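Please look over the sequence and the model below before reading on. The text then takes up surface charge, a charged pair and the nonpolar core.

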Amino acid sequence: MSTIIDNLTELNPEALTADGLESAIIGIGERNGNKVAVYSSEKCIEAFMENDGMSEEDAMEWFTFNPEGAYVGKYTPIF
């Protein structure tokens, strides 16, 4: 995983990553010509369940309204 983040940092030092979801990053994509992090939705939900003790339903709801639904600028990750 750190290799992906290291590569992303080289390609775009301003790319944003999601705190606590390092295990869910699966690659590097492009948003409007900018290199950004790409995350697995399933792995994000698993991480919330494991790290935060959420039920699957709560983790899915949290993911949908927070990371997946957030747009924080042109370097926002893809989920």
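Glu 56 has a relative accessibility of 48% and so counts as partly exposed. The model in which this value was computed is a predicted one. Glu 56 belongs to helix α3, which covers residues 56-65. Together with Glu 42, Glu 46 and Glu 50, Glu 56 makes up a negative surface patch. The main contributor to that patch is helix α2 (residues 41-52), which supplies three residues.

Another glutamate, Glu 30, takes part in a salt bridge. In general, side chains of opposite charge can pair when their charged atoms come close. Here the side chain of Glu 30 meets that of Lys 35, with 3.1 Å from N to O. Searching the whole structure gives one salt bridge. Both partners are partly exposed: Glu 30 has a relative accessible area of 48%, and Lys 35 has 33%.

What lies on the buried side? In soluble globular proteins, nonpolar side chains tend to be buried together. The largest nonpolar core of this model holds 14 residues, and those with the most contacts inside it are Leu 21, Ala 24, Ala 37, Tyr 39, Cys 44, Phe 48 and Phe 63. Strand β2 (34-39), helix α2 and helix α3 each give two or more residues to this core. Helix α2 provides the largest share, four residues.

Notes. Residues are numbered from 1 along each chain as its sequence is written. This is a predicted model: local features need pLDDT of at least 70, side-chain atom pairs count only at pLDDT 80 or more; totals for chains, interfaces and linings use all residues. Side-chain values use heavy atoms; hydrogens and water are left out. A salt bridge is a side-chain nitrogen of Lys or Arg within 4 Å of a carboxyl oxygen of Asp or Glu. Buried means under 20% relative accessible area, exposed over 50%, partly exposed in between (1.4 Å probe, protein chains only). Patches are made of residues with over 30% relative accessible area and no salt bridge: like charges are joined within 9 Å, nonpolar side chains (Val, Leu, Ile, Met, Phe, Trp, Tyr) within 5 Å. Accessible areas come from the Shrake-Rupley method with a 1.4 Å probe; for residues, only the protein chains shown count as cover. Lys and Arg count as positive and Asp and Glu as negative; His and the chain ends are not counted. The place of a charge is taken as NZ of Lys, CZ of Arg, CG of Asp or CD of Glu. A nonpolar core is a set of buried Ala, Val, Leu, Ile, Met, Phe, Trp, Tyr and Cys residues joined through side-chain atoms within 4.5 Å.
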